[in-house]
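Let's take a friendly walk through this model together.

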Amino acid sequence: MIAEKPSFESIFMNLASDLALRSHCVKAQVGAVLTKDTRIISIGYNGPPAGTHNCDEEWPETGCPRDARGSCSLALHAEENAILYAAKNGADLQGSTLYVTLSPCLPCARLIFSSGITNVIYKSSYAEYKGLASDEGVDFLRRFGVECSKLGT
Ligand SMILES: [Zn+2]
Ligand SMILES: [Zn+2]
């Protein structure tokens with residue numbers, strides 16, 4: 001019997017999940033992988049810009065300062081880090097696919113749309129986790145033609 005080959009979807013999402021573990025953030029750890037035609041363009045995980053803060057080392061007890069939504073006020077999100085790295089290196093994101101372990105927030109959704117990403121696959125829903133009616137980031141992306149799906153659904 002021939003063993004079943006893992007799909008690219010599961011390979012990329014497993015990588016995003018591993019990357020999330022590298023995050024220094026105390027509260028949420030999120031990873032992202034940016035791909036095109038089954039190749040990886042960029043990766044990212046949430047955290048303050050390189051060379052600024054390491055939340056877990058500086059505030060091991062309390063965690064870092066929070067913003068209004070209760071997220072780290074210093075961190076770039078995983079999606080932002082992945083997109084910024086790609087942009088810095090002149091990669092063309094038009095038509096690319098983003099794998100992310102948590103559904104994108106609205107500011108990230110705006111960035112995802114503007115950078116030309118046409119497909120977003122996420123592992124967990126932020127709204128489900130928070131008990132909210134819907135994912136505002138996903139709603140925004142769908143409204144403007146970006147395909148979004150939760151892995152395995
Ligand atoms: Zn933090
Ligand atoms: Zn975000």
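## Around Glu79

Leaving aside its neighbours within four places in sequence, Glu79 is in contact with Ala32, Gly44, Leu98, Val100, Pro104, Cys108, Leu111 and Ile112. Here, contact means that the C-beta atoms of two residues, placed from the backbone, lie within 7 Å. Glu79 sits in helix H3, where helices (H or I, at least four residues) and strands (E, at least two) are DSSP runs numbered from the N terminus. Glu79 counts as buried because 29 other C-beta atoms lie within 10 Å. The cut-offs behind that word are 20 or more other C-beta atoms within 10 Å of a residue's own for buried, 12 or fewer for exposed, and partly exposed in between, again with C-beta atoms placed from the backbone.

An unreviewed UniProt entry annotates Glu79 as "active site". UniProt positions follow the numbering used here, feature names are shortened, and annotations may be inferred rather than shown by experiment.

A word on the model itself: it is predicted, so local features need pLDDT of at least 70 and side-chain atom pairs count only at pLDDT 80 or more, while totals for chains, interfaces and linings use all residues. Residues are numbered from 1 along each chain as its sequence is written, and chains are lettered from A and ligands numbered from 1 in the order in which they are written.

## The annotated binding site

Which residues does UniProt mark as "binding site"? The unreviewed entry places this feature at His77, Cys105 and Cys108. These residues are spread over 32 residues of sequence, yet they cluster in space, with a largest C-alpha distance of 9.0 Å.

Cys105 belongs to the loop between E3 and H4, and Cys105 is buried because it has 21 C-beta neighbours inside 10 Å. Beyond its neighbours within four places in sequence, Cys105 is in contact with His77, Tyr126 and Gly137. Cys108 lies in helix H4 and is buried too, as 26 other C-beta atoms are within 10 Å. With neighbours within four places in sequence again set aside, the contacts of Cys108 are His77, Glu79, Glu80 and Gly137. Cys108 therefore counts as buried, and its contact list takes in Glu79, the residue where we began.

## Helix H3 and what it packs against

The buried residues of H3 are Ala78, Glu79, Glu80, Asn81, Ala82, Ile83 and Ala86. They pack against E1, E2, E3 and H4. Just after the helix ends, Gly90 takes a positive phi of about 70°.

How many of the residues of E3 are buried? The count is 6 of 6, so to speak a strand that is mostly covered. E3 is joined to E1 by 4 bridges, and the two run antiparallel; strands are said to pair if DSSP finds at least two bridges between them. Within this pairing, Ala32 has Val100 of E3 as its bridge partner.

On to E4: 5 bridges join it to E3, and these two strands run parallel. Val100 is also involved here, with Tyr122 of E4 as its bridge partner. E3, H4 and E4 together form a right-handed β-α-β unit. Right-handed means that, with the strands pointing away from the viewer, the path from the first strand over the helix to the second runs clockwise.

## The nonpolar cores

A nonpolar core is a set of buried Ala, Val, Leu, Ile, Met, Phe, Trp, Tyr and Cys residues joined through C-beta atoms within 7 Å. The largest one has 33 residues, and those with the most contacts inside it are Ala16, Ala32, Leu34, Leu98, Tyr99, Val100 and Val120. Elements giving two or more residues to this core include helix H1 (8–20), strand E1 (31–36), helix H3 (78–88) and strand E3 (97–102). H1 gives the largest share, 5 residues.

Leu98, neighbours within four places aside, is in contact with Ala32, Leu34, Glu79, Ile112, Ile117 and Val120.

## Two positive phi values

The loop between E1 and E2 holds Asp37 and Thr38. Asp37 has a positive phi near 50° without being a glycine, and Thr38, also not a glycine, has a positive phi of about 65°. Are these residues buried or exposed? Asp37 is exposed because it has 9 other C-beta atoms within 10 Å, and Thr38 counts as exposed with 9 C-beta neighbours inside 10 Å.
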